[in-house]
Structures are given as C-alpha cells and as structure tokens.
Amino acid sequence: MSQRTQASVPGPADLAATGLSAAQVAERIAAGQVNDQGQQPTRTVGQILVANIATRFNAILGGLFVVIAIVGPLQDGLFGLVLVANSGVGIVQELRAKRTLDRLTVLNAPTATVLRNGVRATIPATQVVLDDVLELGPGDQVVADSVVLTSAGLEIDESLLTGEADPVGKPPGADALSGSFVVAGTGRITATAVGQESYAARLAGQARSYSPARSEIRDAINLLLKWISWLLVPVGALLVVRQLQSGQGVAEALRGSVAGLVGMVPEGLVLLTSVAMAVGVVRLAARRVLVQDLPAIEGLARVDLVCCDKTGTLTRGSMRVVAVTGVGAGAGPDEISRDALGALAAADPRPNATMRALADRFADPGWRPSQVTAFSSARKWSAVSYDGQGTWVIGSPEAILAGANDSGGGGLAQAGLLAAEGYRVLLLARADPLPDGQRLPGHVWPAALVTLEEQLRPDAQATLDYFASQGVSVRVLSGDHPATVGAIARRLGLPGAEAGQVLDARELPDDAAGLAAAVRDATVIGRVTPQQKRAIVGALQASGHVVAMTGDGVNDVLALKDSDVGIAMGSGTPASRGVARLVLLDDSFATLPGVVAEGRRIIGNVDRVSRLFLTKTSYAVLIALAVAAAAVPYPFYPRHLTIISTLAIGVPAFFLALAPSAERVPAGFLRRALRFAIPAGLVIAAAVFAAFLSVRAAGTGLGAARTSATIVAVILSLFVLAALCRPLASWRGVMILALAAVFTALLTLPWLRGQLALVVLPAHLLAVTGGIAAVGCVGLLLAWPAARRMLPGAGPERGVTGGHRQPD
C-alpha cells in the first residue's frame, strides 16, 4: 500500500541514479514519513509494576495488614511478608525477560544502505524515509515495503512473511516486502510504505496488544479470591460485632477478626505458585529458554498438541544431495557429469542452498569458465561455458526441456516421479553455446538427474519420538508446497503424512466449523498463510486441545499470540519474540521436551499441594462463620495461623513443589482441589471448634483454649499433608516427622512459646486435645472417599488413597 502524499517525488530515472536530496529527506521527516515502527509488543516497566502490585490478592491482604499495623502487635502481621515476596517474584522475572528481549532487539536491529544526493550511506533502518532509494545485495534485509527500480538477478527470501521457503525473483517494478531478505543478485528499490504502514508492521500490529497467558490455576485463584472478597466485608463486620459482644476489647476483637479473615485467604498458594514458576524459569534459563510470562509454565504442563513450521524446526534450511542418476532406463551418470556438477557449483559467485549442497558433494575439477549465467528463479536454470568442456546447464527439468527435444529419453517422466516423492530434482544437461547469455539454445542433451532433499535437524526425530511417547501430537503448518512438507514428515515418521493425507491450505474452507472439521485429524498442512495459521490454531483450541505454537517469522506472529503457549526462536523477528511466551535462545527444537517436562513437574506439584492451602481456606471460612454464630472469641491469633500455615503447609509445599512429576496435568484444577479441600475443611473446623470450646469450658482461660485449637489444627494439617505425600517411606516421611518435631519445640521452649502466645496445657486437657485430633484423623479417612463418590469425574487424585502415587 502506497503511503505517498504531496511530498515531492523525483522521476524514476533520477530516483534510481541519485536518490532523494537532503531537502526531500527533511521534508519527509517533518511529515512523519519515517520507518519507525513504534514500540514492540512488550510491556513497559510501569505496566509490569502495576500488573504485579495492583491485584485483588494484594488489596485484600494489604488492607488487613493495615489493621494489624494500627492495633498491633506486629508479630500478628507476618502475613504481610507474603505480599512483598509474591509481587517481587513476578516483577523481577518479567523485568529480566524484558531486558533480555530488549538486548536481542538491539543486537538484531537492521541497517540499510541508502542513496541520497548520489552518495551511498549506511543508516539504521528506523531512519529510512518514504521514497528513499535502498541498495540491496546478498544477505541484506528489506526494511520497508518497496518497488524494485533496478534488478541484476535480484532474488528475495520471503519465508519470514509468507512461510514459502523458495526465493522469489524480483524484476524492475516488482514489489518487495519489509522483513524479507536478499539471497541472490543485486538491485535498487524505493520505499513505498514505511513504519506502521508496512506489511510486516501491519501484520505484527494485529498482535501488538499484550494479553496475559491463559492460566487455569491463576483463574481459579482469582475466582476464589473473588468469592472470598464478597465474604470479607459481611463476615468481618459480623466477627467484630460478635467478638465485642463476647466481652473482648476493641483491639482484641480486631486482632481476632483479622485472624479469621487472613485464614480465609490462600496467601501461601499465590506465593508458592509464583515461587515454583520462578524456580522453573531458572531451570529453563539453564536450557537457554527465556520465559516472558510466568503462567506460560502452566500452559506447558497442559499442552497436548504442538504446531510447528518445517524450515528451521524440523529441517536445517540446507540441502543434501541424495543421488545422481542417468537419464533413461538403466542409464547411469558418467564421470564427466560429476565433474560438471562440481564445476558448476564452483563457478557460482553467490551460491544458494542448492549450489552449496553440490559443492559439498562434488569436488571442483578446475575447469575454467568463459561465460557464466547465474541462476534466476524466473528462468529456473543457470549455465556455464568452459574452455574445452563446452556449455553445461543445470536447473528445473521442465524449464530446460521446454520446447527442446527430450533426446535423453524419459527425463521429464523420471523427474516427475522423483518430485512426487517430495524431492527437489535438477536436470544437468549439455547444451550448445548460449546465444545471448540469457536464453537457452534449441538443442540440449540431458546428462543426469540430481535429487536433493532438505537436511533434517539431527535432534528432530528424537524430539518427535518424545512427544509421541507423552501423548502430545505434532502438527506441521508450513508455507511450502504440500508435497515437500509431506516428504519431510514421512522421513520423520509422522502419522498422516502420506501423499493423500497431506492438506493444501488453499483448499481449506473459510468458515470456522468447516475448518475445524478439516484440520481435526490433519498432521501436515502446506501452503498455509499467516491468517490461516491463526485460524487453524483457533480451530484446534475449539476442539479442546491445549496448543503450543513454534515460529520465528512475522508470518507466525498471529498464531503465536493466539496459541496457549507461543514459543519463538531467539534468531527470529522482534515481532515473533515480542508476542511469544517463551523464547528458545539457541533455536533448538530439541529443547522442547525438557521445557514441557519442566512445566509438567512444576504444575503437577502445584496442582497437588494446592489442596493444603485450600483446606486451610475451607476450615478458616467455616470457623469464622461458627464464631460469628456462637458469639465466642476467635480460636486463633493471626500468629497461630502463621504457625499452622508455615509448618503444615508453606514449608512442606515448597519442597513438594520441587519434587519430580512427569504426568501431563489435565484440566479441572479447581474441581479436584475443592473435592479434596472441602471435606477436609469440614472435619478440621469441627475438630478445632470442639477442642476450643472443650478447653475453654474447663475454665483455664483463652490462652489454653487457643493453644488446644492450634495443636489440633497442626496435627490434622500434618495428617492431610501425609495423605498427599504418600508413599511415606521416603524423604517425605522424614520431612513430616521433622515438622512435627519443630512444632513440639515451639510448645516446649519458653521464649518461643511466649512470643507465639502458646501455653502449657495440663495433662488432662492435653489428653482431650489429642483425643479430638485422633477422631479428626478418622473423620478425614472417611470424608475423602465419600466426597469422591459424591463428586466423580474431577480427574485423577494425586498422592491420595486410590489415586496416583508420586515417584521419589
């Protein structure tokens, strides 16, 4: 799309010869017609800070901390440390990822050679203006949408934009899109669209807005916090009133009420999830994987389908000679044909991937070229005349034999059969001298057919085998010809890669329902456009899949952003890295199995230990309601809940979150967690309240009653922990015994007991407390099977009777 306004534009001939003048450049800068594509799709520092600080979780605990800060003592405000830690983990990780991406962007920032006032100059791509004349050579990037002014065999690789791996010839008047690269020839182009108006910028702009990674755990926690926030005000007000009615002072009533409300918030779960994911980020960093968004770790654990491109993911992007065969039945290549192939490769001043493959296979015989016609995608052949060796032509069999007598016999038929198998086929032929260096003569004599194939990445097969063993299917979405993509997939043993099963995206339906039906079981799809990649990812998600998408080009940006886990290559475009959740800094597809395994380990463990936190939330809500209904003092101080949370939940949960876990984590996190936590909460709430009321009725004071309630809560919480840790004949059993010993020390050491507002219970009350705890343990063993019978279908339990046991 042209961006020209009333700014003066030189004539084509003058423009190609001299470029813009300084005045014309200044005129365009003043009009804002510069190649600044604006901010990349990453969050600013301010946005990162706001997203991690201004949360519902922080608002709830922050408000309660303010109350404790006013009424004291500060020992009851230890839960405030969770606020700082939780926000800090998220902020540090996202800032680290942003800095790494910014460095990558600077290192990969393109430059351009412009012609201004007849003088060449190299400038940053962002300083190119509309109508600038740019000089291009092999390896140069097209930095703005342009029209070709002059071309000397100019060929451009547009794979990052279209997915098509083959270079495209660009004669004068042809369009050249920003984000493409020159692979052969030279030329001059003039910029017709710059900045946000360029094709690459418009495509990337559709994915520019930041959207957080999908996270079932985060959504579940936010839903719980939403429910809790609805309860906080009425329950808090009721607690304060009823505490005052029970005869306590204002400060004491507020402390008890804050304890009740803090217990309702699963603050440790929020922190544990952030810490576990942050540890995963560190481990992934050791694998050269950059995690931009912590919840992306969760997506990895649930992925059951990976969409990838062919070039750079499954293949190296280079070619390999498979065979050289004679033309005709029973014919074989002679030695001079092999020498000719080596000479042709040596004579090419700018060898492409095909010529480099020939050079790797065939030695240079030392022939002296007298005339060289470089390869052109328009002609589809190249030719070289040698002193004493005649003229040799190599290229597309169809192009070389078009209009000529196929005197070699069956050359086109042979080539067609090989091409149908997905190989790239070249014809080597002798020829009369070229009449003008650009047209083939009327007589050519086919000598041999050269069969080439793309080189597979050495790690591709092992990677695909791993995914197959884990129940993760792989879909190949490529811009290349379906036959070529299918051949690569067949070499790797991908199911559904046979010739009749490979889909051509040009024939796919446009409507969502038809597309979903067409791609549901398709493994390999060729000729896929950027918009189709996005639509295919959406169709697979609508079918219930959790989709990871790998990519490196602008053509992958839309699909990367919409997938559940977008994975970009470190050498890819800034736009692809900016919208991806993870970046493979070493560009290795073989890294993905370790990445997926790390995600499963983290989220599998978080899924299991979350039940500890939600059990505490369940009994805290029930106890608060019971206290309000009975108009009795709250059975805990905030510091008592800190003891319970630390010893029976927080510390063990941290170690369990780092344990091995290789299973894919199914959906249904909240349902599974509540099916475990609600019956456990009912039993623990009943036992705690019974212990508190029994000891209080003995007339030994609130201190003894609260101590009894704390002992019962710790014992039953450790029992819940033991149920989740089975088998206990491992380090897990040792950990539980160590935690019980620490709690015993808190009860027996006078200074610690005083700081934590605990007292020594008389023997008979200690026996009552122990008896209630024992009854509670039996109640837990009965409650969980009953809950599973009443609420079936929530997915497998982990570490609980009747479910999966975790490996040591």
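## Burial and basis

Buried means under 20% relative accessible area, exposed means over 50%, and partly exposed lies in between (1.4 Å probe, protein chains only). Tryptophan 784 is buried, at 6%.

This is a predicted model, where local features need pLDDT of at least 70, side-chain atom pairs count only at pLDDT 80 or more, and totals for chains, interfaces and linings use all residues. Residues are numbered from 1 along each chain as its sequence is written, and side-chain values use heavy atoms, with hydrogens and water left out.

## Aromatic pairs

The structure holds five aromatic pairs. One of them joins tryptophan 367 and tyrosine 386: the ring centres are 5.2 Å apart and the planes stand at 75 degrees, so this pair is edge-to-face. Rings of Phe, Tyr and Trp (its six-membered ring) pair if their centres lie within 6.5 Å; planes under 30 degrees apart are stacked, over 60 edge-to-face, and the rest tilted. Tryptophan 367 sits in the loop between helix 13 (353-361) and strand 11 (369-376), and tyrosine 386 in strand 12 (residues 381-386), so the pair ties together parts 19 residues apart in sequence. Helices (H or I, at least four residues) and strands (E, at least two) are DSSP runs, numbered from the N terminus. Tryptophan 367 is buried at 15% relative accessible area. Tyrosine 386 is buried too, at 5%.

Phenylalanine 676 and tryptophan 784 form another pair. Their ring centres are 4.7 Å apart and their planes lie at 15 degrees, so the pair is stacked. Phenylalanine 676 belongs to helix 24 (residues 669-697) and tryptophan 784 to helix 28 (residues 763-790), so this contact ties together parts 108 residues apart in sequence. Phenylalanine 676 is buried, with 2% relative accessibility.

Ring pairs also link Trp367, Tyr386 and Trp392 into a cluster.

## Positive phi

Most residues other than glycine have a negative phi. Arginine 288 has a positive phi of about 65 degrees. Arginine 288 lies in the loop between helix 10 (267-286) and strand 8 (289-291). Its relative accessible area is 45%, so arginine 288 is partly exposed.

Arginine 527 also has a positive phi, near 55 degrees. The loop between strand 18 (524-526) and helix 19 (530-542) holds arginine 527. At 21% relative accessibility, arginine 527 counts as partly exposed.
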